[in-house]
Amino acid sequence: MKGRPNIHRDEELVRKAQQLFWERGYSATSLSDLSKATGAGAGSLYNTFKGGKKELFRRSLQQRREALHAFERDVENSDNPVALLKAFFLGIADADTEAHLRGCIVANTVVEMTFVDRELEAEAIQLLQDTEALYTTIIRDAQKKGTIKSRQPADVLGKYLITFWCGLNSLRRIYPDRDILKQQIALQLQMID
């Protein structure tokens, strides 16, 4: 049917735009860059994403939120959520150099949007805070079961993991080396043994 939105096509456009935003950031990505990356003309992009580049970027952040929801479902279905959490962090070391250099689009957004766009910064902050809340819940449940021995309050450890995540995304740019990253990640994860 003509005029009917193609949800799958829109999602594909967002995925392609997200890759470009992830590599260059919001400010350094032009509408022309987005047209080339997505294969859609500027008019088509504006017709599909009425808020233009900013809406496309928001939708890119929303895809990261969807990834968080998928991880939440994995946690709910896991017999050992702490092991799942540790495996997530340790798995970062296995990424390719390009992924290491890109870092995390959400953490990148917080840094880039400070003093530039309060709305986008707030959306990225909220996503990190929601991730922190999930980490805190995992840790609190494990402490109740006695599978984490740390006496640090769960909310402090949840914030610690977000701090570690943001730092890790700088470290992996400095040392995009699997062995170095595995060593450093394992060291930091001792906090939730």
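## Contacts and overall fold

Of the chain's contacts with a separation of 6 or more, 66% join residues 24 or more positions apart. The model is predicted. The chain holds 10 helices and zero strands. Along the sequence, the pattern reads α-α-α-α-α-α-α-α-α-α.

## Extent and surface

Along the principal axes, the C-alpha atoms fill a box of roughly 60 × 35 × 30 Å. The chain has 193 residues, and 41% of them are buried.

## Helix H8

Helix H8 covers residues 118-145, which is 28 residues. At 1.5 Å a residue, H8 should span 40 Å.

At the start, a side-chain oxygen of aspartate 117 comes to within 3.1 Å of the backbone nitrogen of glutamate 119. Just after H8, glycine 146 adopts a positive phi of about 85 degrees.

## Cysteines

The disulfide count is zero, with sulfur pairs required to lie within 2.5 Å. Cysteine 104 is in no disulfide; the nearest cysteine sulfur belongs to cysteine 166, 7.1 Å away. Cysteine 166 is likewise in no disulfide, and its nearest cysteine sulfur is that of cysteine 104.

Accessibility separates these two residues. Cysteine 104 has a relative accessible area of 8%, so it is buried, since buried means under 20%. Cysteine 166, at 30% relative accessibility, counts as partly exposed.

How values were computed:
Residues are numbered from 1 along each chain as its sequence is written. This is a predicted model: local features need pLDDT of at least 70, side-chain atom pairs count only at pLDDT 80 or more; totals for chains, interfaces and linings use all residues. Side-chain values use heavy atoms; hydrogens and water are left out. Helices (H or I, at least four residues) and strands (E, at least two) are DSSP runs, numbered from the N terminus. The expected span of a helix is 1.5 Å times one less than its number of residues. A polar contact is a pair of N or O atoms within 3.5 Å; within protein, one must be able to donate a hydrogen and the other to accept it, and residues adjacent in sequence count only if both atoms are side-chain atoms. Buried means under 20% relative accessible area, exposed over 50%, partly exposed in between (1.4 Å probe, protein chains only). Contact means heavy atoms within 4.5 Å.
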